[in-house]
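I open this notebook to record what I look up, entry by entry.

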Amino acid sequence: MQTTKLKLNHSLPLTCARVGICCFGNQVLLNPWELNCLAKAKGISAQEFRACYCDLGGTRLRFNGFKDKRNKSACGLYVDGMGCSVHQGRPLACRLFPLGRQVQHNEVTYMHQGVEFPCLDGCSEVLTLPYLTVDAYLKGQQTTMFEEAQDGYLELMQHLADIAFELLLDSGLSASGDRETLRLWRKLGLESPEVLSTRLSQEWLDCLQTPDLTETHP
């Protein structure tokens, strides 16, 4: 899908109309820092939050609530007539919406999908509210710590992938003539997140998704 790249001084209808349309039928992926923040906002442990509100071992919020007029299910944390029940702990995807964020070569780019501003479809009320620059919107949504956590998490995942590749080379497997292990590895790379999440033991899931985190050091 085509995207529209933005600059920090671009002014857009970013004041939320509190309609709640964005809380239905979307996909919100989580890193461990976000899972911890959501659990804290809910007043339960990260393990309890993962069991009650997440899929894929704690990496995706469940959208299993009531359906709206478009037949789209609400986020499991959305309360009819009130809104998000964990607003203070909401993850980066929710804080940025309807904006997206991309990091390439240490350069951050903000964007939105399509040519027209996404919220105009089903939430045209935003046009009657004050416009904000992208920079002002990000500051109001307090995204800084969540962006740092996301960048750190992605960097860690890349390091783990690099280490796995180094182990393959250092173990001599690649030079041993063993093709079956490599075939299985490639097969794993094509499996869906739903399948991959079932391959990890509970102990590994706890280490990866519910580590001991503090709010000041994501």
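Before placing any residue, I note that helices here are DSSP runs of H or I with at least four residues, numbered from the N terminus. With that in hand, I place K40 in helix α1. I also note that the model is predicted.

**Entry: the whole chain**

I looked up the elements of the protein chain and found eight helices and nine strands. I then took the spans of its C-alpha trace along the principal axes: about 65 × 35 × 35 Å. The chain has 218 residues, and 32% of them are buried. I checked contacts with a separation of 6 or more: 67% of them join residues 24 or more positions apart. The accessible surface is about 13,800 Å². Carbon and sulfur atoms hold 55% of that surface.

**Entry: α1 against α2**

I went back to α1 and asked about its partners. Two packed helices are described by the angle between their axes and the distance between the axes. At what angle do α1 and α2 pack? I read about 95°, with the axes 8 Å apart. α2 covers residues 46–53. An angle from 65 to 115 degrees counts as roughly perpendicular, so α1 is roughly perpendicular to α2. From α1, the contact takes L35, L38, A39 and K42. From α2, it takes A46, F49, R50 and Y53. I sorted these residues by class: six are nonpolar, none is polar and two are charged.

**Entry: α1 against α5**

Next I took α1 (residues 32–42) with α5 (residues 144–170). Their axes come within 8 Å and cross at roughly 140°. That makes α1 oblique to α5. Which residues make the contact? On α1 I listed P32, W33, E34 and C37. On α5 I listed M145, F146, A149, Q150 and Y153. By class, this contact has seven nonpolar residues, one polar and one charged.

**Entry: α5 itself**

I checked the span of α5. Its 27 residues reach 39 Å from first C-alpha to last, close to the 39 Å expected at 1.5 Å a residue. I found F146, E147, A149, Y153 and L168 buried in α5. G172 follows α5, and its phi is positive, near 85°.

G83 sits in strand β6 (residues 83–84). Its relative accessibility is 10%, so G83 counts as buried. I noted that G83 touches L77 and Y78, leaving aside residues up to four places away in sequence. The C-alpha of G83 is 7.9 Å from that of R18, which is 65 residues away along the chain.

**Entry: backbone details in loops**

I found a cis peptide bond between F97 and P98, with omega about 10°. P98 lies in the loop between α3 (92–96) and β7 (100–104).

Then I looked at positive phi values. N71, which is not a glycine, has phi near 65°. N71 is in the loop between β4 (60–61) and β5 (78–79). N71 counts as exposed at 54% relative accessibility.

Q142 is not a glycine either, and its phi is positive, about 55°. I placed Q142 in the loop between α4 (134–140) and α5. Its relative accessible area is 56%, so Q142 is exposed.

Key
Residues numbered from 1 in each chain as written. Predicted model: local features only at pLDDT ≥ 70, side-chain atom pairs only at ≥ 80, totals over all residues. Heavy atoms only, no water. Axes fitted to C-alpha atoms, helices over the stretch in contact; angles between N-to-C directions. Helix = DSSP H or I, 4+ residues; strand = E, 2+ residues; numbered from the N terminus. Parallel < 35°, antiparallel > 145°, perpendicular 65-115°, else oblique. Contact = heavy atoms within 4.5 Å. Nonpolar A, V, L, I, M, F, W, Y, C, P; charged D, E, K, R; others polar. Expected span 1.5 Å × (residues − 1). Buried < 20%, exposed > 50% of the residue type's maximum accessible area, 1.4 Å probe, protein only. Areas by Shrake-Rupley, 256 points an atom, 1.4 Å probe, with all protein chains shown as cover.
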